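These are my notebook entries on a structure I had not looked at before.

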Amino acid sequence: MGLEIVKPGLLTTLQDRGRYGHQKEGIITSGAMDAFAYRVANMLAGNNEEEAALEITLIGPTIHFTEDQLIALTGADLSAELNGEKVRLWRPVFVKSGSTLTFGAPISGCRAYLAVSGGFAIPQVMGSYATYLQAGIGGYQGRALQAGDFIPCPGPSDTGIALFAQASANTEGHDYTVASWTPDPQYFPTYAPNPILRAIKGPEFELFSETSREQVWTERFQVSAQSDRMGYRLQGVSLYLSEPTELISTAVTFGTVQVPPEGKPIVLMADHQTTGGYPRMLQVVSVDLPILAQVVPGQTISFEEVSLEEAQQLYIRQEQNLSQLAHAIHLKHTQ
Amino acid sequence: MKQKDMQLFRLYPLGDSAITVQFGDSIDKATHTKVRAFSAYLDRHPFTGFVEQVPAFNSVTVYYDPWQASEQGFYNPYTHVTEQLQYMLKVARENDKAAAPRIVEIPVCYNGSFGPDLEYVARHTKLSPQEVIASHTRGKYQVYMIGFAPGFPYLGGMAKKLATPRKQNPRPAIPAGSVGIAGNQTGIYPIETPGGWQLIGRTPLRLFDPNREQPSLLQAGDQIRFVAISEKEYWKLKDKAHGA
């Protein structure tokens with residue numbers, strides 16, 4: 001079993017929650033940019049949350065199914081169609097052998113996740129499936145997918161098989177079946193274009209000038225075209241330290257807003273380097289990173305201050321929501 | 001008031017899922033000894049919710065999962081982890097001098113095409129190429145941090161007289177194993193990347209190998225020495241390093 005990649009799309013890679021434990025060796029974590037959509041895609045496909053899934057960026061691939069499959073698509077709406085019919089997101093989809101999945105114009109967001117029941121039969125590298133493009137490791141042969149690739153799948157999980165039977169009984173002559181239910185969107189991050197992101201003050205916040213400390217909360221910043229999985233470069237007002245300061249390099253992380261001397265902030269994303277020496281002005285809270293991951297270059301973002309305690313409360317609430325979601329999906333799967 | 005060495009530290013949050021422990025405000029061996037002692041202690045005593053740690057010049061950043069670390073929301077994650085780290089910082093002091101640093105020899109071929117900028121460095125430093133090599137191999141270098149690229153060591157200890165500015169125009173691709181100088185730093189490129197360092201030689205060792213149990217050859221806290229080798233030895237060692 002497997003997926004045949006007819007067209008690769010702009011940037012389609014296999015990702016998981018990231019490669020942890022090796023940052024001290026300079027090995028970046030990689031992993032899904034929108035970890036929420038990635039995790040829910042796996043849940044819907046009846047997988048554990050650690051299985052690899054495809055991260056699809058703006059212009060999606062064309063994928064041919066050579067066997068019956070149970071899949072789920074989450075995240076951005078990139079006009080996915082199965083055999084020419086629009087396919088709904090955030091729900092299990094039973095796909096018949098011979099079907100073709102295509103993508104069209106991006107409607108909202110920029111990263112979609114495709115999970116397949118049972119995951120992909122690819123080797124883990126350093127404990128992770130995530131593609132680390134620069135080092136050429138992980139994922140499918142350490143690179144983005146290309147036309148002609150065949151990504152092997154081991155076949156559906158036990159939950160997948162149960163759902164498979166349920167769904168395939170309902171195809172009624174169609175090529176595919178979409179589950180009639182979807183998880184309650186009240187649990188979802190508030191995906192929106194031009195979002196306001198919650199952030200806490202970074203370790204070097206107080207080193208910035210009074211004007212910059214004020215402007216970072218009041219101004220809007222445009223996500224420039226020089227934005228990728230490593231980081232988003234922001235356009236807008238320039239931010240400056242009150243006096244030039246040389247910092248000793250130390251760790252940086254996903255969501256760190258660092259400001260080089262020319263004043264244009266960079267938000268570090270999933271493929272960020274492990275360490276850096278620029279002042280860290282803000283830190284976007286973890287629960288808002290999925291929202292940021294879906295921001296398309298050209299859109300604007302702004303920052304709203306929250307305390308560390310609030311950020312961690314939000315984190316805990318999201319984990320509670322995700323376990324409720326997992327439970328609800330499991331009930332639906334086994335009904 | 002007298003304070004114990006390890007207790008001179010500052011803890012601060014790096015977002016909602018990491019805490020940085022900072023020892024001192026400068027790059028020096030004494031500070032790094034504390035970094036190493038704490039890092040080693042943490043490796044042996046991970047706490048609930050611990051994800052990983054990144055030792056740097058004067059800090060150790062500890063990543064944790066607020067959900068696990070708070071026992072699913074029972075504790076305040078930051079406070080709970082901070083308390084545990086503070087306790088560890090107190091007891092880690094005892095192991096301060098426990099482990100002697102590992103000394104790793106890095107064979108380097110400084111000849112011809114392997115060191116395309118050796119002549120330039122010699123001219124800039126007003127030394128002969130032989131003197132550059134002699135000075136570079138004489139030093140004992142401290143690995144302060146691995147970062148920038150997988151397995152890339154930030155080294156301290158290069159002789160000041162070897163300092164040479166970066167190239168005006170970075171090269172689009174520098175071969176893995178290249179040994180270079182940038183300003184007052186020396187380093188080794190573990191993977192092929194673009195870069196502006198002045199290249200003075202190349203090592204046949206693989207600084208990064210994803211299939212090794214420890215993918216990065218060097219770890220923060222190691223000490224290294226460069227050993228000059230011939231081109232013949234280079235190829236011999238290269239075959240060995242690449243499993244031929």
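**Entry 1: between the domains of chain B**

I looked for salt bridges across the interface of domain 1 of chain B and domain 2 of chain B, and the rule finds 0 of them. I note at the outset that this is a predicted model, and I read every entry below with that in mind.

For the bounds, I found that chain B is divided into domain 1, residues 10-95, and domain 2, residues 103-243. The C-alpha centres of these two domains of chain B lie 31 Å apart. When I looked up the contact itself, 8 residues of domain 1 of chain B turned out to be in contact with 8 residues of domain 2 of chain B. The area buried between domain 1 and domain 2 of chain B is about 740 Å², and carbon and sulfur atoms give 71% of that area. I then asked which residues supply the area on the domain 1 side, and found that Lys29(B), His32(B) and Phe57(B) supply 62% of what domain 1 of chain B buries against domain 2 of chain B, more than any other three residues.

On the side of domain 1 of chain B that touches domain 2 of chain B, helix 1 of chain B, residues 29-44, gives the most, with 3 residues. By class, the residues of that side of domain 1 of chain B divide into 4 nonpolar, 1 polar and 3 charged.

**Entry 2: between chain B and chain A**

I turned next to the two chains, and I recorded that 46 residues of chain B are in contact with 39 residues of chain A. Chain B and chain A bury about 3300 Å² between them, with 61% of it on carbon and sulfur atoms.

How many salt bridges are there between chain B and chain A? I found a count of 1 salt bridge, in which the side chains of Lys24(A) and Asp43(B) meet at 3.5 Å, N to O. Side chains of opposite charge can pair when their charged atoms come close.

I also looked up the polar contacts, and across the interface of chain B and chain A the rule finds 14 residue pairs, both residues at pLDDT 80 or more. The elements of chain B that give two or more residues to the side touching chain A include strand 1 (10-13), strand 4 (59-64), helix 3 (77-92) and strand 6 (141-146). The largest share of the side of chain B that touches chain A comes from strand 3 of chain B, with 5 residues. I sorted that side of chain B by class and noted 24 nonpolar, 17 polar and 5 charged residues.

Over all chains, the count of salt bridges comes to 18 by this rule. As for where the pair between the chains sits, I traced it from Lys24(A), in the loop between strand 2 (12-15) and helix 1 (35-44) of chain A, to Asp43(B) in helix 1 of chain B.

**Entry 3: chain A as a whole**

The C-alpha atoms of chain A fill a box of roughly 70 × 40 × 35 Å, taken along the principal axes. I then checked the radius of gyration of chain A, which is 20 Å and agrees with a compact globule, because a globule of 335 residues would have a value near 20 Å.

**Entry 4: between the domains of chain A**

I found chain A divided into domain 1, residues 2-182, and domain 2, residues 196-315, with the C-alpha centres of these domains of chain A 30 Å apart. The contact takes 22 residues from domain 1 of chain A and 17 residues from domain 2 of chain A. These two domains of chain A bury about 1500 Å² between them, 55% of it on carbon and sulfur atoms.

Which side chains meet in a salt bridge here? The rule finds 1 salt bridge across the interface of domain 1 and domain 2 of chain A, and I noted that the side chains of Glu55(A) and Arg229(A) meet in a salt bridge at 2.8 Å, N to O.

Across this interface of chain A the rule also finds 8 residue pairs in polar contact, both residues at pLDDT 80 or more. Strand 5 (69-77) and strand 10 (108-116) of chain A each supply at least two residues of the side of domain 1 that touches domain 2 of chain A, and strand 10 of chain A gives the most to that side, with 4 residues. I close this entry with the classes, the residues of that side of domain 1 of chain A dividing into 10 nonpolar, 9 polar and 3 charged.

How values were computed: Residues numbered from 1 in each chain as written. Chains lettered and ligands numbered in written order. Heavy atoms only, no water. Domains from an automatic or database assignment. Contact = heavy atoms within 4.5 Å. Buried area = accessible area lost by both parts, 1.4 Å probe. Salt bridge = Lys/Arg side-chain N within 4 Å of Asp/Glu carboxyl O. Nonpolar A, V, L, I, M, F, W, Y, C, P; charged D, E, K, R; others polar. Polar contact = N/O pair within 3.5 Å; in protein donor to acceptor, adjacent residues only side chain to side chain. Rg over C-alpha atoms; globule rule 2.2 N^0.38 Å.
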